[in-house]
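Trainee: I'm new to this one. Can we walk through it together?

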Amino acid sequence: MAAIELRNVTKKFATADGGTYTALADLSLTVEDGQFCAVVGPTGCGKSTTLTLISGLEQPSRGDAFVHDKPVRGIDTGTGFVFQQDAVFPWKSVLDNVAAGPIYRGHSRTEALKLARDWLRRVGLSGFEDRWIHQLSGGMRKRVALPQSLINQPSILLMDEPFSALDVQTRSIMSTELLHLWDQTKPAVVFVTHDLEEAIALADKVVVLTAGPGTVKAEFEIDLPRPRVVQEIRFDPRFTRLYEQIWEALRTEVAEAYARTTRLQEVAS
Amino acid sequence: MIDTPTRTDGTSHGISTPTGPPAPGAGRSPRAQARRRRTLLSGSRFTIIVVLLGVWQLCVNAKVVDPFFWGEPKGVWADLYEWFTVGTSQGSLADQIVVTLEEAVLGFVIGSILGVVCGIALGRVRLLSELFAPFLKAANSIPRIILGSIFTVAFGFGIQSNVMLAVVLVFFGVFFNAFQGAREVDRNLIANARLLGASRWQVTRDVVLPSAFTWILASLHISFGFALIGALVGEILGANQGLGLLIRSSQNNFDMNGVLAGMVLVAVIALAAEALITLLERRLLRWRPPQTHGGAAVQ
């Protein structure tokens, strides 16, 4: 049974000048239970839109989104979402942020705090329970955002360029930690990124989208052995081979998207 | 519990002192320097007041300024002294202050709560805002202080009418800020809370309200001033006690020193209230990074 299925979805948005903007056109995508799927594509190709459709934050204009063979009708609480920008609550302490999910789902406060402490220990944030979010670095904030979603034990985890704001070293360390956490509960993951290296290092399957309106250009199975250490995997010759293959597919799309933005700038100037 | 030290980021986590790095052994400590600066500032402020009052008094003595119209510092002081020691024409000064304070505080609390509740409700429920926003805008544009005349006639000379006037003045400022605050909440935060399983009410209580509090607290600073104005104007329009009445009867006796003495008392109350609200703000917004704390720059 597929954990996630997008069947010929098209998503249009109304633009400010009264027109419509097509973000996704006739896109189909399947992610199996426990599979880690990375979605790459040039800027503005609708990568993030696929996530909002799966999560139920938005409805497709045409086509259907399914989670565990059931059509998505609204926000499903079996889905976890890690946002690109900080979406942790700055007015809650680290501990209360992680405990928020269980509390919203009706667990008692004591029980939720106990769970949260356990998750903070797993991401190495013991001793930081009482900190405010502004006292943490970007990497530490992500280490609050991850357990905040994972504590609900989602069967689906959606991640929207979660590490794009981090510096390169922190990013690869966080990626390794993510794989470690993912291994504990094995949700089906859709990980959106523009960084191909990150995509290959993390995923079982890499999906390349076309320049907007986005649709699937090609899919690649990543058969690198697990467990992986993201900091070192790029030295593996198989990694390089895969990178070349996928980049071949991605390159034309990136060039196309870039050409479009520069053309737009010329029109504007 | 095993305390795992942070290993990945290599970031410092002792960011609690934003006032610059302490430099031990580097000449005078920054704290002593800051204290010196503060003493110097308060000294200068005090000098400014003394000079201003002195010039005023000298002008009166030199007959440049007529104290009948403009009052004089000596007379204001004499009036204040008499009110404190002997009492006012309406009874003890403490009673007058308590009455005005009671009206202002009641008006402030009721008006703020109504403003926050209505502002958040309209900010969250689209239908409500579409329905009521034009009425509220219209009501905000009329000079509400005039309502004081109606309240005085309707509710008499007790504190009720003055409280009502303070409520009306406070409500709109708080309301519009709460409304704006509720609509400016980061969409990501709301989406995150909903995905984590929060109900609509939980989103309102846990995300919208704390986020809007930055806006609401900004309006509370001004609102206590409005509450005081409401209470005073209400008393001037008709009351049997209070600082407003004291100012009014001084005016009727052509005693400008009395009017000014009343003003001084009101200013002291307003400043004390402002300090309390700043304390409240610090407590409620302690999650924010210190450098953006409202009011810190004024200290």
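Trainee: How many bridges join strand E3 of chain A to E8(A), and do they run parallel or antiparallel?

Mentor: Five bridges join E3(A), residues 36–40, to E8(A), and the two run parallel. Strands here are DSSP runs of E with at least two residues, helices are runs of H or I with at least four, and both are numbered from the N terminus. Two strands pair if DSSP finds at least two bridges between them.

Trainee: Before we go on, what kind of model is this, and how are things numbered?

Mentor: It is a predicted model: local features need pLDDT of at least 70, side-chain atom pairs count only at pLDDT 80 or more, and totals for chains, interfaces and linings use all residues. Residues are numbered from 1 along each chain as its sequence is written, while chains are lettered from A and ligands numbered from 1 in the order in which they are written.

Trainee: Back to E8(A). Which residue stands opposite A:Phe36 there?

Mentor: A:Val189 does.

Trainee: What about strand E7 of chain A, how many bridges join it to E8(A)?

Mentor: Five, and E7(A), residues 156–160, runs parallel to E8(A). A:Leu158 has A:Val190 as its bridge partner in E8(A). Between E7(A) and E8(A) the chain passes through helix H5(A), residues 168–185, in a right-handed β-α-β crossover. Right-handed means that, with the strands pointing away from the viewer, the path from the first strand over the helix to the second runs clockwise.

Trainee: Is E8(A) buried or exposed?

Mentor: Six of the six residues of E8(A), 188–193, are buried, so the strand is largely enclosed by the rest of the structure. A residue is buried if 20 or more other C-beta atoms lie within 10 Å of its own, exposed if 12 or fewer, and partly exposed in between, with C-beta atoms placed from the backbone.

Trainee: Which residues of E8(A) point which way?

Mentor: A:Ala188, A:Val190 and A:Val192 point one way. A:Val189, A:Phe191 and A:Thr193 point the other way.

Trainee: New topic: helices. Which residues of H3(A) are buried?

Mentor: A:Ala112, A:Leu115, A:Ala116, A:Trp119 and A:Leu120. They cover an arc of only 140 degrees around the axis, which puts them on the same side of H3(A). That arc is taken from the directions from the helix axis to the C-beta atoms.

Trainee: Why would residues spaced like that point the same way?

Mentor: An α-helix has 3.6 residues a turn, so residues three or four places apart point the same way.

Trainee: And what is on the other side of H3(A)?

Mentor: A:Thr110 and A:Glu111, which are exposed there.

Trainee: What covers the buried residues?

Mentor: The cover includes helix H2(A), 94–104, and helix H4(A), 138–150. Contact here means C-beta atoms, placed from the backbone, within 7 Å.

Trainee: What follows H3(A)?

Mentor: A:Gly124, with a positive phi near 75 degrees.

Trainee: Now the sheets. Which four strands form the open sheet?

Mentor: The order is E2-E1-E4-E5 in chain A, with antiparallel pairing. E2(A), 20–32, and E5(A), 70–71, are the edge strands, and each pairs on one side only. E4(A), residues 62–67, pairs with E5(A) over two bridges. There, A:Val67 stands opposite A:Lys70.

Trainee: How many residues are in the hairpin link from E9(A) to E10(A)?

Mentor: Six. E9(A), residues 205–209, and E10(A), residues 216–221, pair in the antiparallel sense over five bridges. One of the pairs is A:Lys205 with A:Glu221.

Trainee: Last one: how many helices and strands does chain A have?

Mentor: Eight helices and ten strands. Buried residues make up 45% of its 269 residues.

Note on methods: Contact = placed C-beta atoms within 7 Å.
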